Amino acid sequence: MVALKKIVRARMFAASVAGMAFFAMLLWSAPAAADRQCGTEYWNTASAWSVRPNADGLTVGTVLASATFSARTSSIDPPVMGGAFEVAAVRLTTQGYDSATDSVPVSGNPGVGLRVKWNGVTSLAPIADLNMHPIGAPIPTSLASVASGVLTMSNNPEYTASYLLELVVTDSDAYAGGGMTIVQTGTLMLLAKMEPNPGTTEPAYCGGVPTPTLPPASLQAVTLPIPPTPTCEFDTATLNQTVALGAANSASVARHGTTRTAGVSGEKPFFIQAKNCGAGTIFHAYFTDALAASSTNDYLRPAGASNVGIRIYHDNDTTPVPFGPAPIGSTLPARAPITTGSVNAAQGANYSLPFTAQYVQLPDASGSASPGEMSASAKLTIVYP
C-alpha cells in the first residue's frame, strides 16, 4: 500500500518593496524688467494617496493610487490688472518609459508605473481667454503650453496649476502590491510665466525652488493592494489517504525501467481532489519520498526489507512521477511539477488529479520480487505561483 501524507501547501509569490521617486526641475530666468517680478511656491498643496481598495480584476492601465500636487504662481510687484500667464511642462522622461500607459517604471516594484497628468488651473478671480490642455490628459512629451490666459483681477494676481500623479499597472502578471517607497528615477520639467504689467512683451519667468522632489515627501511612501493568492480546498480525505494495491504474483511485478504496461498487475488508481479554487488558480504539485526526502528516484522505496517499491503515474503519462526534495521557501525544485488549473478558470472551479500506483522491482534487486506485504509513503506539496 502507499500512504499519501498530509499535503504541505507552500505559497510562492514575489515580495514587493521599494519604488520610485521623481524630482521636478522648475526652469527659470531673470524677470523681464527689474521692477516687475513673479514667484512660484512649490509645493502649494499635495494631497494624500487615494489607494484602490483591492486588487481584483487588475489589467494593464488600472489605476492603483492617485494623488494631486500643485504650484502657485503670483506677482510680487505692485498690484496690476489683466496680467497674462502661461504654464508649460514636459512629461517625465526616463529609461523604461511605457507608451501603453504613459508611465515610467517604479524601481523595485515590477508591474507598477507612475504617470503625470494635467489637472487644471485655478485663480482667485475669473480667467479670461483660457486655453488649456485637456484635464486628465498626460503631460506632453515635449515642452508645450498646458494652460494660458489673462488674470482678470486687480489685486495680487496669482494662479495655481494642478497635476495628477497616478500609480498604474504595467504588467498584471508581475504586479504583487504591498508597501513601497518612491525613489528618484527621472525628471519632470515645469515652466511658469506671468506678465505682471499689461503690455509687457517679455513676461517674467518664475523660479522658486529649482529642484523640488516629485512627489513631495508626504507621497513618497504608499501601500498598494495585494492580489489575492489563488487557493483551492483539499479535504482531509484527499490529503491523508491510503491506497491499497491489489494482490499480484511476484513474477508479474515490473522491473525498474520497464514500460507502464508492464506493471498493470495489481495497480491501483487514486485521485487528489481540489475544490472551490479561486478564479484563475494555477497550482503545481511536487512528490517527495516520505521515507527518503532527498531521493531523486522515480519510485518510492519500501518501509521494510522488501525489494519491491512503488512507482506513480499521473493521468495517462508513460513516464513515472519524479520524486525529490520538497520546495523550501521561495525555492522551487529543478524537476518539472505536475501543473493544474488555468488563468481563465472561473471562481469555484474543481479539479480531480488522477494517478495510478504500481508495484516495481527495485533497480538494485536481484532475483524475483520478494513475496509478502510491503508499504511506502509519499508527501505531496502544492505550490501556488
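Visitor: Is arginine 301 buried, partly exposed or exposed?
Guide: In this predicted model, the relative accessible area of arginine 301 is 31%. Buried requires under 20% and exposed over 50%. With 31%, arginine 301 is therefore partly exposed.

Visitor: Which residue does the side chain of arginine 301 meet in a salt bridge?
Guide: A salt bridge needs a side-chain nitrogen of Lys or Arg within 4 Å of a carboxyl oxygen of Asp or Glu. For arginine 301 the N to O distance in its salt bridge is 3.4 Å. The partner is aspartate 364.

Visitor: How many residues apart are aspartate 364 and arginine 301?
Guide: Aspartate 364 sits in the loop between strand S23 (349-361) and strand S24 (376-384). Arginine 301 sits in the loop between strand S20 (282-289) and strand S21 (308-314). The pair thus links distant parts of the chain, 63 residues apart.

Visitor: Is aspartate 364 buried or exposed?
Guide: The relative accessible area of aspartate 364 is 57%. The cut-off for exposed is over 50%. Aspartate 364 is therefore exposed.

Visitor: Which strands hold arginine 115 and glutamate 166?
Guide: The side chains of these two residues, arginine 115 and glutamate 166, meet in a salt bridge at 2.6 Å, N to O. The pair links distant parts of the chain, 51 residues apart. Arginine 115 is in strand S8 (residues 112-123), and glutamate 166 is in strand S11 (residues 158-169).

Visitor: What parts does the pair of glutamate 166 and lysine 117 tie together?
Guide: The side chains of glutamate 166 and lysine 117 meet in a salt bridge with an N to O distance of 3.2 Å. Their positions are 49 residues apart in sequence, so the pair ties together strand S11, where glutamate 166 lies, and strand S8, where lysine 117 lies.

Visitor: Why does lysine 117 count as buried?
Guide: Buried means under 20% relative accessible area. Its salt-bridge partner glutamate 166 is buried at 8%. Lysine 117 counts as buried because its relative accessibility is 14%.

Visitor: What share of contacts with a separation of 6 or more is between residues 24 or more positions apart?
Guide: The protein chain has 1 helix and 24 strands. Of its contacts with a separation of 6 or more, the share from residues 24 or more positions apart is 83%.

Notes:
Residues numbered from 1 in each chain as written. Predicted model: local features only at pLDDT ≥ 70, side-chain atom pairs only at ≥ 80, totals over all residues. Heavy atoms only, no water. Helix = DSSP H or I, 4+ residues; strand = E, 2+ residues; numbered from the N terminus. Buried < 20%, exposed > 50% of the residue type's maximum accessible area, 1.4 Å probe, protein only. Contact = heavy atoms within 4.5 Å.
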